[in-house]
Amino acid sequence: MADPVVVEGLGTRFGKRWVLRGIDFAVPRGEVMALVGGSGSGKTTLLRQIVGLHRPTEGKVLLFGEPQQEGGRVEREARQQRLGMLFQHGALFSALSVFDNVAFPLRELRRLSEDEIRDLVFTKLGMVEIDADAAWRMPAELSGGMIKRVALARALSLDPELLLLDEPTAGLDPDRSASFVDLIRSLHRALDLTVVFVTHDLDTLAALATRVAVLAEGHILASGTLDEVVEIEHPFIERFFRSERSLHALQRGRRTD
């Protein structure tokens with residue numbers, strides 16, 4: 001069975017500047033892969049190219065063994081429905097209620113009755129621990145933590161095999177961040193998901209990731225388990241992972257295991 005994500009020779013150029021070049025890695029089924037790097041390293045760009053929102057300048061992304069951008073409309077849509085995306089700030093539709101935000105992909109991409117949609121929406125909200133009473137609220141009425149959970153419910157609405165998360169705990173206080181990490185971990189196990197996420201938060205990284213890929217200098221500087229990556233001798237690894245503050249954060253994250 002093909003790996004959910006394979007990136008081969010990927011390069012991305014904006015104008016004359018190459019942000020990414022020669023990117024090669026795979027995410028085996030069931031893994032939780034963290035993409036980390038400094039500001040401007042291209043990690044969110046890479047995530048968006050995996051999803052298919054941006055086309056790389058060179059190279060390719062394979063999803064479930066099939067080229068991301070190839071095939072007819074029906075083939076591409078079927079492939080896209082096997083993944084879900086949680087954007088950094090939720091990206092909820094501000095004019096739609098919680099219910100209609102989660103229902104949106106079901107109405108657009110599935111032929112279901114409204115009764116079936118209603119049942120699925122409330123099931124997904126329950127999975128992310130959102131009370132049914134909140135279904136009729138508007139995004140402007142929600143806390144940051146609730147926005148993340150509703151956006152996660154929408155990302156899971158089509159029962160994806162692959163879940164992609166852009167800075168999943170950004171903007172959350174420590175308690176809500178820890179709670180959201182626990183939720184993702186439980187969903188990963190319960191739904192047998194493969195997860196790829198971008199983060200700069202080392203607590204989140206240590207608590208969630210089974211593997212880590214470090215982006216620096218336009219390429220994958222290191223890839224492996226967290227323990228393997230931390231031991232690599234490189235100035236960026238030293239600064240990012242082995243400062244006193246970083247080591248404390250990694251210890252906190254590991255204690256949640």
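Guide: Before we start, a residue is buried under 20% relative accessible area, exposed over 50% and partly exposed in between (1.4 Å probe, protein chains only). This is a predicted model, so local features need pLDDT of at least 70 and side-chain atom pairs pLDDT 80 or more, while totals for chains, interfaces and linings use all residues. Residues are numbered from 1 along each chain as its sequence is written, and side-chain values use heavy atoms, without hydrogens or water.

Visitor: Thanks! Let's take Arg 82: how exposed is it?

Guide: Arg 82 is partly exposed, with a relative accessible area of 28%. It forms a salt bridge (side-chain nitrogen of Lys or Arg within 4 Å of a carboxyl oxygen of Asp or Glu) with Glu 161, and the closest N and O atoms are 2.6 Å apart.

Visitor: Where do those two sit in the chain?

Guide: Arg 82 is in the loop between α2 and β6 and Glu 161 in the loop between α5 and β7, so-called distant parts of the chain, 79 residues apart. Helices (H or I, at least four residues) and strands (E, at least two) are DSSP runs numbered from the N terminus. Glu 161 is also partly exposed, at 27%.

Visitor: Which ring does Arg 82 lie over?

Guide: That of Phe 64, at 3.8 Å from the ring centre. The rule asks for NZ of Lys or CZ of Arg within 6 Å of the centre and within 35 degrees of the ring normal. Arg 21 has its charged end over the ring of Trp 18, 3.7 Å from the centre.

Visitor: Back to salt bridges. How many are there?

Guide: The count comes to ten. One of them joins Glu 66 and Arg 79, at 2.9 Å from N to O. Glu 66 lies in strand β5 (residues 66-67) and Arg 79 in helix α2 (residues 73-80), so the bridge ties together parts 13 residues apart in sequence.

Visitor: Are those two buried or exposed?

Guide: Glu 66 is partly exposed at 37%, whereas Arg 79 is buried at 4%. Another bridge pairs Arg 107 with Glu 114, again with N and O 2.9 Å apart. Shared partners also join Arg 29, Arg 82 and Glu 161 into one network.

Visitor: New topic: what's helix α5 like?

Guide: Helix α5 covers residues 144-155, twelve in number, and reaches 17 Å from first C-alpha to last, close to the expected 16 Å (1.5 Å times one less than its number of residues). Nine of the twelve are buried, including Lys 148, Arg 149 and Arg 154. Among the elements covering them are α3 (98-109), α4 (114-127) and α6 (174-191).

Technical notes: Contact = heavy atoms within 4.5 Å.
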